Amino acid sequence: MRETYSNEGIDSSVVRLFTFRYQEGISERTDRILYNGKTYELYGINNINEENRFIKVWGRHFCQ
């Protein structure tokens with residue numbers, strides 16, 4: 001859980017690391033992950049060893 005302070009108050013988010021088989025065309029701008037009923041916004045994608053076999057995807061879910 002991460003907390004960020006802003007003028008409007010405190011924002012909390014849950015950050016998760018997902019590992020998938022490589023899939024071309026995944027975008028941080030448009031794609032989302034639905035996991036355990038929560039939607040995660042993508043903010044980091046890493047093609048592991050540049051082998052096009054697996055990717056690591058960092059996602060965050062903002063808490064109310």
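1. Start with Asn52. Asn52 sits in the loop between E4 and E5. Its phi is near 55 degrees, a positive value in a residue other than glycine. Most residues other than glycine have a negative phi. Asn52 counts as partly exposed, with a relative accessibility of 43%.

2. Keep in mind that this is a predicted model. The average pLDDT of the protein is 85, and 81% of the residues score at least 70. Confidence is lowest in strand E1, residues 2-6, where the mean is 51. Confidence is highest in strand E3, residues 32-35, at 94. Where pLDDT is low, the predicted coordinates should not be read in detail.

3. Now the overall plan. The protein has zero helices and five strands. Along the sequence this gives the pattern β-β-β-β-β. Of the contacts with a separation of 6 or more, 40% are accounted for by residues 24 or more positions apart.

4. Look next at the hairpin of E3 and E4. These two strands pair in the antiparallel sense, over four bridges. Tyr35 has Lys38 in E4 as its bridge partner. Two residues lie between the strands. Asn36 is found in the loop between E3 and E4. The phi of Asn36 is near 50 degrees, again a positive value in a residue other than glycine. Is Asn36 buried or exposed? Asn36 counts as exposed, because its relative accessibility is 65% and the cut-off for exposed is over 50%.

5. The hairpin of E4 and E5 comes next. E4 and E5 run antiparallel and are joined by six bridges. This hairpin has six residues between the strands. Asn49 takes a positive phi there, near 55 degrees. Asn52, from point 1, is in the loop between E4 and E5.

6. Which residues form the salt bridge? The side chains of Arg60 and Glu41 meet, at 3.1 Å from N to O. The pair links distant parts of the chain: Arg60 is in strand E5, Glu41 is in strand E4, and they are 19 residues apart. The count for the structure comes to one salt bridge. Glu41 also stands opposite Arg60 in E5. Arg60 is partly exposed, with a relative accessibility of 25%. Glu41 is partly exposed as well, with a relative accessible area of 26%.

7. Turn to the core. Seven residues make up the largest nonpolar core: Val14, Phe18, Ile33, Tyr40, Leu42, Ile55 and Val57. Three strands each supply at least two residues of this core: E2 (9-21), E4 (38-47) and E5 (54-63). In soluble globular proteins, nonpolar side chains tend to be buried together.

8. Leu42 lies in strand E4. Why does Leu42 count as buried? Its relative accessibility is 5%, and buried means under 20%. Leaving out residues up to four places away in sequence, Leu42 touches Ile26, Ser27, Glu28, Asp31, Arg32, Ile33, Val57, Trp58 and Gly59. Among these, Ile33 and Val57 belong to the largest nonpolar core. Leu42 and Arg60 are 18 residues apart in sequence, with 6.6 Å from C-alpha to C-alpha.

9. Ile55 is another core member. What does Ile55 contact beyond its neighbours within four places in sequence? The partners are Phe18, Thr19, Phe20, Arg21, Tyr22, Ile26, Asn46, Asn47 and Ile48. One of them, Phe18, is also listed in the core.

10. Thr39 counts as partly exposed, at 44% relative accessibility, whereas Leu42 counts as buried. Not counting residues up to four places away in sequence, Thr39 touches Arg32, Ile33, Leu34, Arg60 and His61. Thr39 and Gly59 are 20 residues apart in sequence and 8.9 Å apart in space, C-alpha to C-alpha.

11. Last, the surface. The protein exposes about 5200 Å², and carbon and sulfur atoms supply 42% of it. Of its 64 residues, 20% count as buried.

Methods: Residues numbered from 1 in each chain as written. Predicted model: local features only at pLDDT ≥ 70, side-chain atom pairs only at ≥ 80, totals over all residues. Heavy atoms only, no water. Core = buried A, V, L, I, M, F, W, Y, C linked by side-chain atoms within 4.5 Å. Buried < 20%, exposed > 50% of the residue type's maximum accessible area, 1.4 Å probe, protein only. Contact = heavy atoms within 4.5 Å. Salt bridge = Lys/Arg side-chain N within 4 Å of Asp/Glu carboxyl O. pLDDT = per-residue confidence, 0-100. Pairing = 2+ DSSP bridges. Areas by Shrake-Rupley, 256 points an atom, 1.4 Å probe, with all protein chains shown as cover.
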